[in-house]
Amino acid sequence: MYIDIRLKTLRITQSAVAWIHRRCLGVKQITAHLVEPSKEKLSVESFCLRKMLTTDEKGESKLLLKPSRLRRKDNLFRDYLFKCVDISETVTALAYGEHRIAYPLRDNSGHAIVLLDISLGALKTLPPRQKAEMSRMLNLLSLAYAEVLQEVEEDEDPELILEAESVSEESRISVMFDRMILMELRETV
């Protein structure tokens, strides 16, 4: 179950990241980290971050086959990422000369499970329209993640809306974020 949720989450995140890059030209790079319990039992650190997905400036995403592990003690300049997980809220920071936004995806208990590290480069903030669009995309990503959690926890059959969702479980997850965008558009039009 745990691995299934993580795989589905990465697929949905990959779709969302592609949409964010297309709609928010001020976004330079996005990295997705999974929050994992620390393997060091006696450590003060209760979790580490596993870097799972990165994008380039063109928005091309790449799933990492050998994801690196970030620990708080080894990444002092990335402390904003750990703060985001600690408080489970969005955090902004200036790191390595770039303005960054750390956005958490939360489980049902409110704990951060996935963390998006969004780089704006030299921009301090996105233009208003892009900022609103990114906020909308991140909210839809949170809703898609909540839907996956509900399906897995309640062991219920998902409601298939788009024809592409009925092809296979993999294709259903791949188009889930797209479906959510289409449903939102239908509600607002």
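Student: Which side chains are joined by the polar contact of 3.0 Å?

Tutor: A polar contact is a pair of N or O atoms within 3.5 Å; within protein, one must be able to donate a hydrogen and the other to accept it, and residues adjacent in sequence count only if both atoms are side-chain atoms. Here the side chains of His 21 and Thr 55 are joined at 3.0 Å. The model is a predicted one, in which local features need pLDDT of at least 70 and side-chain atom pairs count only at pLDDT 80 or more, while totals for chains, interfaces and linings use all residues. Residues are numbered from 1 along each chain as its sequence is written, and side-chain values use heavy atoms, with hydrogens and water left out.

Student: Is His 21 buried or exposed?

Tutor: Buried means under 20% relative accessible area, exposed over 50%, and partly exposed in between (1.4 Å probe, protein chains only). His 21 counts as buried because its relative accessibility is 8%.

Student: Where is His 21 placed, and which residues does it touch?

Tutor: Helices (H or I, at least four residues) and strands (E, at least two) are DSSP runs, numbered from the N terminus. His 21 belongs to helix α1, residues 2–23. Contact means heavy atoms within 4.5 Å. Not counting residues up to four places away in sequence, His 21 touches Val 27, Lys 28, Gln 29, Ile 30, Thr 55, Asp 56, Glu 57 and Gly 59.

Student: How many helices and strands are there in the protein?

Tutor: The protein has four helices and seven strands. From the N terminus on, they run α-β-β-β-β-α-β-β-β-α-α.

Student: Which residues touch the most other members of the largest nonpolar core?

Tutor: A nonpolar core is a set of buried Ala, Val, Leu, Ile, Met, Phe, Trp, Tyr and Cys residues joined through side-chain atoms within 4.5 Å. The largest has 37 residues, and those touching the most other members are Ile 12, Ile 20, Val 27, Leu 116, Ile 118, Met 134 and Phe 177. Helix α3 (128–154) is among the elements that give two or more residues to this core; with ten residues, α3 gives the most.

Student: With which residues is Phe 177 in contact?

Tutor: Leaving aside neighbours within four places in sequence, Phe 177 contacts Ile 12, Ser 15, Ala 16, Trp 19, Met 137, Leu 140 and Leu 141.

Student: Is Phe 77 buried or exposed?

Tutor: Phe 77 is exposed, at a relative accessible area of 64%. Phe 77 lies in the loop between β4 (69–70) and α2 (79–87).
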